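Have the model open while you read.

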Amino acid sequence: MSAIEHIPEFGSRVDNGLLRFLTCGSVDDGKSTLIGRLLYDTKAILADTLHAIEKTSARRGMEAVDLSLLTDGLQAEREQGITIDVAYRYFSTGRRKYIIADAPGHEQYTRNMVTAASTANLAIILIDARKGVLTQTRRHSYLAHLVGIPHLLVAVNKMDLVGYDRTVFERIRLEYLAFARQLGIKDVRFIPLSALNGDMLVDRGENLGWYKGPTLIDILESAPAAHSESDERFRFPVQYVCRPQKADDPLLHDYRGFMGRVESGEIAVGDEIVVLPSERRSRIKDIQIGGRTLPRAVAEQSVTLLLEDEIDISRGDMIVRANDKKLCPGAPASGTVSTRTALATRRIDAMLCWLGESPLDARRKYLIRQTTRDARALLDGISYRLDINSLQQVAAEGIGMNDIARVAFKLAQPLVVDRYVENRATGAFIVIDESTNNTVGAGMIL
Amino acid sequence: MNAPVLEPALRHTTLDHLDWLESEAIYILREVAGQCSNPALLFSGGKDSIVLLRLAEKAFRPGRFPFPLLHIDTGHNYSEVIDFRDARACELNERLIVRSVESSMARGTVRLKSADESRNKHQSVTLLEAIEEFGFDACIGGARRDEEKARAKERIFSFRDEFGGWDPKNQRPELWNLFNARVHKGENIRAFPISNWTELDVWQYIAREGLALPSIYFAHVRPVIRKGGLLQPVTELTPARDGDVVEQLRVRFRTVGDITCTAPVESDADTVHKIIAETATSTITERGATRLDDHASEAAMEQRKKEGYF
Ligand SMILES: Nc1nc2c(ncn2[C@@H]2O[C@H](COP(=O)(O)OP(=O)(O)OP(=O)(O)O)[C@@H](O)[C@H]2O)c(=O)[nH]1
Ligand SMILES: [Mg+2]
């Protein structure tokens with residue numbers, strides 16, 4: 001036996017990578033309790049934290065420890081017994097590391113659920129076994145699907161309150177499947193649970209003998225970490241330009257480093273690149289990080305690129321690979337690029353989630369931020385609003401808080417975009433209201 | 001069977017994770033630089049801010065940092081930490097601004113209820129005064145979400161109003177990695193590049209990068225008193241009172257802060273690798289083991305943050 005096996009937490013050779021997941025679903029379905037119980041049963045709650053929530057539970061007159069207190073950390077949340085904003089928790093097993101986001105169920109706080117969903121690669125959608133699929137279940141499922149979470153796990157919770165009845169689980173499963181099929185959701189799994197009693201989270205318990213599938217933790221431990229879409233085309237939005245301009249240092253005198261993160265694909269020294277939207281070309285002279293030179297840079301790596309030629313590049317420009325960019329012969333100059341490649345455009349067509357308290361005002365200009373670039377934007381039409389219950393596209397005059405709609409925006413400055421389904425980093429944008437500077441919308445380019 | 005003691009640190013699995021965390025933090029630092037006109041980086045000489053400085057080097061060298069370092073000094077810090085702070089700033093050749101709670105006291109903007117009241121929470125006043133003095137539109141801090149339940153709720157780019165206040169019930173949505181640092185004059189962003197790091201990640205990064213730390217992070221013998229399950233260091237500021245039993249124990253600090261509210265833990269760990277091994281198996285959280293101020297009330301941190309604290 002190798003010595004490595006003696007170290008339970010960090011010695012394991014199996015590494016399934018980081019999994020970021022969120023819990024979502026309707027109000028009071030047991031999302032926070034589920035996370036608390038999962039951490040409790042995996043022994044990830046440290047003694048002093050447990051002691052603190054025991055004390056709080058007792059002070060609030062509860063018989064047992066309320067494990068939802070683990071994530072419901074704000075005073076206002078504890079007073080009301082609800083989740084208001086996302087809580088992040090970190091834990092690791094021998095198999096992998098997790099970042100958990102506990103999202104609120106209340107419709108009023110949908111914007112916080114979207115915040116949690118935007119960085120997750122798996123969603124646990126809770127359903128109260130007594131209540132079945134509710135409007136908010138549909139909304140959260142749709143949002144999870146829309147932001148591109150590839151794996152949905154439907155947890156039918158509170159099975160203890162329906163006598164652990166298999167038929168209840170089956171009925172909800174069929175109901176949800178019908179809904180998921182309409183949306184085109186492919187990867188969806190189901191599990192019956194009691195978060196309160198800990199049935200089927202880490203231990204199988206004794207009450208759900210008819211369920212033969214894996215426990216919650218087993219599903220999480222083996223879930224694929226990556227997004228289904230992983231674009232291989234090189235995308236490098238420039239964040240910051242480094243010009244040390246040290247007159248006395250000949251090495252740094254002409255130094256111009258373009259700093260940013262590789263959002264997709266990879267690049268090597270010598271590769272030919274194109275800067276968008278200017279379409280100027282050059283070659284990669286050097287790739288650096290922290291004073292070290294790298295032969296290549298891959299997706300998710302923050303690096304500094306140096307180019308062979310002195311060309312004008314600033315924050316907001318995007319560097320792509322020359323041979324990734326397929327020019328369409330004969331196309332007009334403004335739209336010269338095929339749909340498979342980043343496109344500099346002054347009009348975007350998108351699915352928009354409106355997060356602002358006041359409705360989208362068609363007369364006002366908003367700021368759209370996409371990658372590291374900003375552009376003034378004006379609504380250029382609403383194709384439809386989505387009715388979350390019927391999934392019908394309905395005609396809409398305006399867009400209010402929590403609405404999901406297909407819209408178009410006209411832009412004062414060009415943005416370099418990909419379709420969101422092909423590239424999350426270059427296909428996503430936020431809408432900022434300049435009067436408050438608040439983030440009021442989240443968009444996914446079609 | 002005689003299994004060799006393994007250092008659970010530098011395995012390729014966690015290395016990948018550290019690379020990811022590092023890259024995210026660099027991205028965040030560069031967003032602050034790209035979006036804000038006058039940011040500052042809060043540097044206390046503590047381990048989290050020491051990590052921030054290394055990340056800033058990775059993000060901006062060979063250039064200078066696009067922000068000064070700022071320390072809000074309560075005047076109740078261990079001299080080892082203050083010396084380290086000054087030496088590190090000097091070594092990096094970056095500008096260090098120090099503003100002290102004592103000056104705020106002299107001005108009358110900080111009033112202690114009693115001479116021995118902890119100055120920790122009063123740092124907020126001095127911080128807000130420094131923000132106003134220099135017109136900072138963003139402050140970069142080394143807070144982590146795994147530290148405390150209110151921090152677990154905070155955005156990476158956290159908006160503060162004109163009073164420096166945090167409104168946890170009304171935070172800006174924060175989607176993907178599209179951070180919104182826009183503020184009006186007088187308002188402020190607090191940016192937390194290592195939000196997603198755990199205490200263990202920090203130690204593993206310190207090991208990987210070979211970062212130097214103030215000596216009090218490592219096991220040393222120190223006079224302490226046992227109080228309410230914590231160890232209270234016996235210092236000039238916190239002398240033993242009648243009836244206190246002073247013990248000479250081998251201890252280290254898991255976090256260094258104001259002397260009056262930071263407790264060391266018993267430990268023999270005198271190397272980073274031993275600290276990593278201890279951290280991996282610790283049964284008590286960093287704050288739970290060390291912070292005298294958070295024991296006061298359930299929502300102590302949230303309350304302080306609403307008042308402008310980091
Ligand atoms: N009987 C039973 N009660 C449960 C179960 N899971 C959660 N609860 C209870 O349901 C109530 C709501 O639980 P929470 O975990 O706060 O629900 P939530 O989904 O996080 O609520 P929001 O975040 O506010 O939407 C609490 O009283 C829980 O104790 C379960 O499996 N069985
Ligand atoms: Mg909840």
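In what follows, two residues or parts are in contact when they have heavy atoms within 4.5 Å. This is a predicted model, where local features need pLDDT of at least 70, side-chain atom pairs count only at pLDDT 80 or more, and totals for chains, interfaces and linings use all residues. Residues are numbered from 1 along each chain as its sequence is written, chains are lettered from A and ligands numbered from 1 in the order in which they are written, and side-chain values use heavy atoms, leaving out hydrogens and water.

## Chain B and its two domains

Let's start with chain B. Its domain assignment gives domain 1 (17-200 + 300-306) and domain 2 (211-290); such bounds come from an automatic or database domain assignment. Taken over C-alpha atoms, the centres of the two domains of chain B are 24 Å apart. Across that boundary, 25 residues of domain 1 of chain B are in contact with 26 residues of domain 2 of chain B.

Together the two domains of chain B bury about 2,100 Å², 60% of it on carbon and sulfur atoms. Buried area here is the accessible area (1.4 Å probe) that two parts lose on being put together, summed over both. On the domain 1 side of chain B, the residues that lose the most area to domain 2 are B:H76, B:Y78 and B:E199, together 32% of what that side buries.

## Where the chains meet

How many residues of chain B are in contact with chain A? There are 67, and they touch 83 residues of chain A. The two chains bury about 6,200 Å² between them, with 56% of it on carbon and sulfur atoms. Within chain B, B:R30, B:K153 and B:W176 lose the most area to chain A, together 14% of what that side buries.

Chain A is assigned domain 1 (18-222), domain 2 (235-322) and domain 3 (343-445). The centres of domains 2 and 3 of chain A, over C-alpha atoms, are separated by 30 Å. Here 12 residues of domain 2 of chain A are in contact with 10 of domain 3, and the pair buries about 920 Å², 62% of it on carbon and sulfur atoms. A:P277, A:G316 and A:M318 supply 43% of the area that domain 2 of chain A buries against domain 3, more than any other three residues.

You'll find A:P277 in the loop between β10 (272-276) and β11 (280-289) of chain A. Helices (H or I, at least four residues) and strands (E, at least two) are DSSP runs, numbered from the N terminus.

## Around ligand 1

Ligand 1 is surrounded by 19 residues (a heavy atom within 4 Å), and the closest are A:K31, A:S32, A:T33, A:T83 and A:D160. Helix α1 (residues 31-41) of chain A gives the most to this shell, with 3 residues.

Now for the polar contacts (pairs of N or O atoms within 3.5 Å). A polar side-chain atom of A:N157 sits 3.0 Å from an oxygen atom of ligand 1, and a backbone N or O atom of A:G105 lies 3.0 Å from a ligand oxygen. For A:D29, a polar backbone atom is 3.2 Å from an oxygen atom of ligand 1. Taken alone, ligand 1 exposes 650 Å², and the protein buries 85% of that (accessible areas by the Shrake-Rupley method, 1.4 Å probe).

Methods:
A polar contact is a pair of N or O atoms within 3.5 Å; within protein, one must be able to donate a hydrogen and the other to accept it, and residues adjacent in sequence count only if both atoms are side-chain atoms.
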